[in-house]
Amino acid sequence: MAYEQGNVTMEGKEGPVMGGLEKSKAGAMDEQKIQEGVRLLLEGIGEDPAREGLRETPARVARMYSEIYGGMWRSAAGPLSKTFHTENTDIVLEKDITFYSTCEHHLLPFYGKAHIAYIPDGKVAGLSKLARTVDIFARRLQLQERMTVQVADAVMEYLKPKGVMVMLEAEHMCMTMRGVKQPGSRTATIAAKGAFEREKALQERFFQMVKWN
């Protein structure tokens, strides 16, 4: 299924997952290599890494990468393993979750809002846990399409709901500050699993609750 408004793709079970659910990975960032790479980059664009304003830039970038790519060694199992019993079988929606990520094609940011809806099957997660799950997948080199499916798959795996639907809306700096230069354009990607994938009425209700237009 596909909807279009600006740039919109709707992903069901055929959507790209790139290796399935992401698990915690052994290892850590090599800050020394990052610093060396930043120095080479500065030299490559014609700058002098030794000048005052750039002298500490490689170290700053290395520290920043440890923060903004910290999701590479974290798993959604952490936040989504803490659940509560519920008798509710209606839609649970958390919308307007702010996220910041980095496009792996140009290493430029994309940022926006995530909306997550699921139908519980006996258990729910704390609302902050859904936001933490989005943050884990955002703090990696990403494709928006892949991230959308990863969030949906994580909710399905750890909460085991009757269905889940995830929508990401984001502005990509690779489209606004370079290339076609279209500031304000948004890309929306959607992943529907379980009951949301099968039942169009649930999809329509999701869009009404999110009030997407």
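Me: Why are Ala201 and Gln208, on the other side of H8, called exposed?

Reply: In this predicted model, exposed means over 50% relative accessible area, buried under 20% and partly exposed in between (1.4 Å probe, protein chains only). Ala201 and Gln208 are exposed, so each lies over 50%. Residues are numbered from 1 along each chain as its sequence is written. Local features need pLDDT of at least 70, side-chain atom pairs count only at pLDDT 80 or more, totals for chains, interfaces and linings use all residues, and side-chain values use heavy atoms, with hydrogens and water left out.

Me: How do you know that the buried residues of H8 line one face of the helix?

Reply: Helix H8 covers residues 200–210, and its buried residues are Leu202, Gln203, Phe206, Phe207 and Val210. Viewed down the axis of H8, these buried residues fall within an arc of 140° (taken from the directions from the helix axis to the C-beta atoms), so they line one face of the helix. Just after H8, Lys211 has a positive phi of about 60°.

Me: What makes H8 a helix by the rule used here?

Reply: A helix is a DSSP run of H or I with at least four residues, a strand a run of E with at least two, numbered from the N terminus.

Me: Which residues have the most contacts inside the largest nonpolar core?

Reply: They are Leu80, Phe99, Ile116, Tyr118, Val134 and Val155, in a core of 29 residues. The core counts as one set because its buried Ala, Val, Leu, Ile, Met, Phe, Trp, Tyr and Cys residues are joined through side-chain atoms within 4.5 Å. H5 gives the most to this core, with 8 residues. Val134 touches Ile97, Phe99, Ala114, Ile116, Met147 and Val151 (heavy atoms within 4.5 Å), leaving aside residues up to four places away in sequence.

Me: Which residues does the second, separate core include?

Reply: This core of 14 residues includes Ile119, Met167, Ala188 and Phe196.

Me: How do the residues lining the largest pocket divide into nonpolar, polar and charged?

Reply: There are 13 nonpolar, 4 polar and 2 charged residues, where Ala, Val, Leu, Ile, Met, Phe, Trp, Tyr, Cys and Pro are nonpolar, Asp, Glu, Lys and Arg charged, and the others, Gly among them, polar. Of the 19 lining residues, Met64, Tyr65, Ile68, Tyr69 and Thr102 lie nearest the centre of the pocket. On a 1 Å grid over the protein atoms alone, a pocket is an open set of points where a 1.4 Å probe fits, with protein on both sides within 12 Å along at least five of seven lines, and lining residues have an atom within 4 Å of a point. H2 supplies the largest share of this lining, 5 residues.
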